[in-house]
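This report walks through selected features of the model shown below.

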Amino acid sequence: MAAGSIRYLLRNVSATYGRREALSGVDLDLAKGEVVALLGENGSGKSTLLKLLAGLLAPSSGRLTLDGRPVGELARRDAARRIGYLPQSFEPLFPASALEMVLLGRTAYLGLLGAPRANDHAAARRALEETDTAAFASRDVREMSGGERQRVFLSRVLAGETDVLLLDEPAANLDPRHRFLVVRVLRRRAAAGGLVVFSTHELDVAAAAADRVVLLREGRVVDIGPVRDTLTAEALTRLFGVPAIVSMSPSGRPLVSLAGGEPG
Amino acid sequence: MIPTARGWRRGLPFALAALAAAAAAAVSLLVGSIRIPPEKVVAALLGSGDVPTLAIVREIRLPRTLLGLLVGGALAMSGTSLQALLQNPLADPFLLGVSGGAACGALVGSLLAVSSPTGPSVLVGPMAAFLGALAAVALVGAGASVRGRLDRNRLLLSGVVVNALASAVLLFLLSFGNADQTRGFVFWMLGSLAGATRDGVVSMAIYAAAGGLVLVGLSRSLDALTLGDDTAFTLGISVERTKRIAYVAASLLAAAAVAQAGIIGFVGLLVPNAVRLVARGHVRVLLLSFLVGAALLAASDVFARTVFSPSEVAVGAVTALLGAPAFLVLLRRRS
């Protein structure tokens with residue numbers, strides 16, 4: 001993870017599925033060393049934005065570059081060694097142990113036959129340790145609970161040792177202890193010079209992990225800024241239509257709770 | 001060198017599958033409607049013995065045994081790759097209508113060739129079947145696509161429809177032949193190794209090797225595809241290119257099998273699902289599937305021709321008898 005420069009530039013970027021516009025007119029700069037949280041209701045465009053950054057979706061208009069080059073023009077294997085992506089949901093269909101699943105995260109480093117080498121095994125082991133899943137490395141992922149699986153899938157992305165992590169709801173289905181663990185993992189990756197962009201509905205995770213937050217509504221960015229200035233009670237109430245209470249922790253991070261105010 | 005525990009665990013399934021295939025082949029060579037003592041079979045294989053024994057062993061039993069092994073292995077590899085690239089453990093060249101399409105192609109090919117003076121070549125027959133298989137793949141894909149993306153849940157339904165269409169076309173085509181031809185075609189359609197010839201074996205070996213090599217070469221991509229198209233893409237795989245090549249290879253394997261032995265269902269479904277329980281990574285899954293598929297079909301053929309001897313059951317009926325209940329088990333486990 002010797003992060004060189006990482007700089008995503010989005011200028012007036014829009015994206016469509018068929019005729020439906022999922023994202024419109026997004027301007028955004030993302031750089032190394034930061035954790036960025038995407039917040040918004042279902043269908044607000046969080047996943048679409050992550051797919052754009054991953055190159056899974058081409059902008060229907062506007063300009064999206066990584067270090068000056070359009071993301072769609074990056075060579076697949078090079079892109080895979082720089083950008084890790086966790087999709088929102090995945091149902092494993094074939095038998096595979098956690099370790100085998102995580103080793104697939106090394107695909108961009110493997111030869112034609114897909115045989116992992118010692119350093120791939122080492123990376124997979126480290127990634128399993130990071131998400132507290134090493135203890136069940138040999139268990140079949142199809143027989144795991146939703147939260148255990150989620151951590152294994154996150155390990156799969158971490159094993160790629162990419163500079164950029166694009167994570168669609170990495171904290172979904174997790175108990176409080178493991179939500180906290182994910183926060184630590186994301187902070188550590190950014191501290192090591194990586195860029196982490198993740199979507200979440202867990203406001204506590206966003207408040208604890210993010211340097212900046214992007215608030216999305218109906219495919220538009222309604223606000224971007226440092227977590228303490230942006231994650232305000234008014235903004236959250238407006239965004240989710242639910243009363244929110246925000247106070248400040250001694251460390252300068254917001255403490256968020258929803259539905260804490262007057263009902264309705 | 002003493003193998004490690006890990007080496008044993010990885011090698012054991014291969015050793016057992018190879019043993020099973022060898023055993024099935026041995027029984028297949030030894031057993032038939034005409035009783036020949038084992039030592040005479042061995043002698044005949046080595047080239048000595050009386051003319052009728054030589055003819056039975058070398059021209060009938062040996063090609064039939066080898067064809068059974070190759071067809072079973074080819075169908076199993078075809079099913080393995082279809083399952084990975086469709087992300088559906090229930091995929092199988094038979095259930096997806098690929099075999100039906102191949103049968104239509106092969107039949108059209110042989111009907112056209114019958115009227116030509118040279119007759120069908122053993123390598124051209126599979127090509128006609130291959131074209132039929134590709135047409136079926138295209139139709140199934142069109143039926144299962146929603147806004148340009150393949151919908152996994154519609155796939156089998158679409159396969160059922162293409163299968164029905166292929167059956168209808170086959171029945172229409174059969175009415176063009178004379179009564180003798182029709183009888184032969186119907187038996188072939190139901191899946192049978194009775195028509196095995198030396199040339200057929202050589203042709204099947206060439207197609208099986210070509211298709212198998214291509215798929216093994218795609219192993220890393222097939223591994224990644226089991227995580228879904230989006231994830232495979234972000235892992236550096238050229239998803240569309242991989243899928244196109246794998247479809248062609250899987251169709252080629254199924255088509256060659258159909259051209260030589262008719263429609264034999266469920267081998268491509270059953271074998272990979274069993275193999276995936278003990279082997280991971282598509283290099284190993286493909287190779288082990290070949291061995292297990294070979295053993296299964298050779299053994300099924302022995303059963304098909306001995307159970308009601310001297311009359312013969314279509315081997316496709318035997319594999320369906322095994323495969324249909326297994327399909328139901330898989331279906332239930334998935335929901």
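Leu167(A) stands opposite Phe198(A) in β8(A). The model behind this pairing is predicted. The two strands concerned are β7 (residues 164-168) and β8 (residues 195-199) of chain A, which run parallel and are joined by five bridges.

**The sheet in chain A**

β7 and β8 belong to an open sheet of six strands. Its order is β6-β7-β8-β3-β9-β10 (chain A), and the pairing is mixed. Two strands sit at the edges: β6 (83-86) and β10 (220-226) of chain A, each pairing on one side only. On average, neighbouring strands are turned by 15° against each other, direction ignored. Strands of a sheet pair through backbone hydrogen bonds, either parallel or antiparallel.

**A hairpin**

An antiparallel case is found at β1 (residues 7-17) and β2 (residues 20-31) of chain A, paired over eight bridges. Tyr17(A) stands opposite Arg20(A) in β2(A). Two residues lie between the strands of this hairpin. One residue in the turn, Gly18(A), has a positive phi of about 60°.

| Strand pair | Sense | Bridges | Opposite residues |
|---|---|---|---|
| β1(A) and β2(A) | antiparallel | eight | Tyr17(A) and Arg20(A) |
| β7(A) and β8(A) | parallel | five | Leu167(A) and Phe198(A) |

**Chain A as a whole**

How many helices and strands does chain A have? The secondary structure comes to nine helices and 12 strands. The C-alpha trace of chain A spans about 55 × 40 × 35 Å along its principal axes. The radius of gyration of chain A is 18 Å; a compact globule with 264 residues would have a value near 18 Å, so the two agree. Buried residues make up 46% of the 264 residues in chain A. Take the contacts in chain A with a separation of 6 or more: 65% of them join residues 24 or more positions apart.

**Helix α7 of chain B**

Which residues of helix α7 (residues 179-189) of chain B are buried? They are Phe185(B), Trp188(B) and Met189(B). Seen down the axis of α7(B), these residues fall within an arc of 95°, so they line one face of the helix. An α-helix has 3.6 residues a turn, so residues three or four places apart point the same way. The face of α7(B) turned away from the buried side carries exposed residues: Ala179(B), Asp180(B) and Arg183(B). Gly191(B) follows α7(B) and has a positive phi, near 95°.

**A buried loop residue**

Gly191(B) is also one of the contacts of Ala314(B). Ala314(B) lies in the loop between α13 and α14 (315-334) of chain B. Why does Ala314(B) count as buried? There are 21 other C-beta atoms within 10 Å, and 20 or more are needed, so Ala314(B) qualifies. Beyond its neighbours within four places in sequence, Ala314(B) is in contact with Phe187(B), Leu190(B), Gly191(B), Ser192(B) and Ala304(B).

**The interface**

Chain B has 25 residues in contact with 23 residues of chain A. On the chain B side, α9 (219-225), α10 (229-234) and α13 (282-306) each supply at least two residues. The residues on this side divide into eight nonpolar, 11 polar and six charged.

Definitions and conventions:
Residues are numbered from 1 along each chain as its sequence is written. Chains are lettered from A and ligands numbered from 1 in the order in which they are written. This is a predicted model: local features need pLDDT of at least 70, side-chain atom pairs count only at pLDDT 80 or more; totals for chains, interfaces and linings use all residues. Two residues are in contact if their C-beta atoms, placed from the backbone, lie within 7 Å. Helices (H or I, at least four residues) and strands (E, at least two) are DSSP runs, numbered from the N terminus. Ala, Val, Leu, Ile, Met, Phe, Trp, Tyr, Cys and Pro count as nonpolar, Asp, Glu, Lys and Arg as charged, and the others, Gly among them, as polar. The radius of gyration is taken over C-alpha atoms; the globule rule is 2.2 Å times the number of residues to the power 0.38. A residue is buried if 20 or more other C-beta atoms lie within 10 Å of its own, exposed if 12 or fewer, and partly exposed in between; C-beta atoms are placed from the backbone. Two strands pair if DSSP finds at least two bridges between them. The arc is that of the directions from the helix axis to the C-beta atoms. Axes are lines fitted to C-alpha atoms, for helices over the stretch in contact, and angles run from 0 to 180 degrees between N-to-C directions.
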